[in-house]
Amino acid sequence: MSDLAGKHIVLGLSGGVACYKAAEFCRALIKAGATVQVVMTEAAEHFITPVTMQALSGRPVYSSQWDAREGNNMPHINLSREADAIVIAPASADFMAKLLHGRADDLLSLLCLARPIERVPLIVAPAMNREMYAHPATQRNLAQLRADGTVVLGVGSGDQACGETGDGRMLEPHELLDELIAHFQPKRLAGRHVLITAGPTFEAIDPVRGITNRSSGKMGFAIARAAREAGAQVTLVAGPVALPTPRGVQRVDVQSALDMQRAVQASADAADVFIAAAAVADWRPATEAGQKIKKDGSGAVPALAFVENPDILASVAASARAQSGALYCVGFAAESHDLLAHAQAKRARKGVPLLVGNIGPDTFGLDHNALLLVDAQGARELPRADKHSLARALVAEIAQRLG
Ligand code: CTP
């Protein structure tokens, strides 16, 4: 995916051991289609060389405000006006204290101060020892930076290079990349709470066996990511899948359809949108054996009886909030043939304003899909694309219908 195609990023490095992650982050930016201009403080050059950053970015690194390579000798003006965003990663405690006071005694702080504040966002990724991060001075500075319009990213928690454990690690390169990509997405769902189900369910037969289905959860997870990128608060109720949680998404892991129903009921009252992307098992074994069912040597097979699972989507769609329009419900249909007819019938049967149809065997486990959106106005196709692009398009369609 070229999520950052056409974007020019000034990547600023201040002093900190997390500079080693900035090298990987720079590479990730380039792979995502961005062009990258690296600017380093003198302290950063103690941790990583400009040679490495030049090789990765494909451009000479700037570090001095007296750099005569620029025709007008004003690298702080030229570099900040070209940028679509300035990202400081790592942002040391000292560098943030400088930003806060508007100090400008080296090129990086100078270009941050000189940037056109309405047009060029400044995004900082703090990195420091846990005591430095927790210090009231640092926390005060972070709060003031936010108040001044700087986007202050979170920090990771865990083992630190100094040997201590706690908050203050810089986010990992892939997390920084996700944050930056999200930053550039239009905030179509700002202020909305989106509840999503994803993945299969697992219906236990006994403690070691059960029935499930081939849903990978990829489409539902992509929708969760896209909704969060669009500014929504997102709760993702996930059946058993081995997918990473999209950044900033609150995930609730469940196993069975009954678990999923309970988790959905717990969040539905606070939601503005409910998207049922899960492949919920239609039936579950009527009883779950407390112990593993053993072969008795006679060749006899166990007689399994099934009962129907509750229809989570239909019950949410029938709730008073959904009926009054306060909760917008979106269903999915995985079909094998006659997609339009089945999707229209399922939309009516589930009682939802929007139903999204897809051909199951053409998408299960894959990274791409094609969607057919069916609502009261008719049908509209979102042609085959990767699931992230489709998820963004679907989120835009939903946002438009919310008005
Ligand atoms: N769904 C649900 N709870 C269920 C079954 C389905 O919430 N117990 C939701 C799915 O998440 C999806 C939609 O309903 O959004 C369609 O599910 P599907 O299983 O395809 O439809 P069915 O009603 O089972 O119809 P059929 O088996 O005839 O295809």
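Tutor: Accessible areas here come from the Shrake-Rupley method with a 1.4 Å probe. They apply to a predicted model.

Student: What share of the accessible surface belongs to carbon and sulfur atoms?

Tutor: Start with the total. The accessible surface of the chain comes to about 18,700 Å². The share of carbon and sulfur atoms in that surface is 52%.

Student: How many of the residues are buried, as a percentage?

Tutor: A residue counts as buried when its relative accessible area is under 20%. The chain has 403 residues. Of these, the buried part is 49%.

Student: Which residues have the most contacts inside the largest nonpolar core?

Tutor: In general, nonpolar side chains in soluble globular proteins tend to be buried together. Here the largest nonpolar core holds 35 residues. Those with the most contacts inside this core are Ile 275 and Phe 332.

Student: Which residue touches both Ile 275 and Leu 394?

Tutor: Leave out residues up to four places away in sequence. Among the partners of this residue are Met 219, Ile 223, Leu 355 and Leu 371. Ile 275 and Leu 394 are also partners. The residue is Phe 332.

Student: How many residues are in the second core?

Tutor: This core is separate. Its members include Leu 11, Ala 34, Val 36 and Leu 153. Its residue count is 34.

Methods:
Residues are numbered from 1 along each chain as its sequence is written. This is a predicted model: local features need pLDDT of at least 70, side-chain atom pairs count only at pLDDT 80 or more; totals for chains, interfaces and linings use all residues. Side-chain values use heavy atoms; hydrogens and water are left out. Buried means under 20% relative accessible area, exposed over 50%, partly exposed in between (1.4 Å probe, protein chains only). A nonpolar core is a set of buried Ala, Val, Leu, Ile, Met, Phe, Trp, Tyr and Cys residues joined through side-chain atoms within 4.5 Å. Contact means heavy atoms within 4.5 Å.
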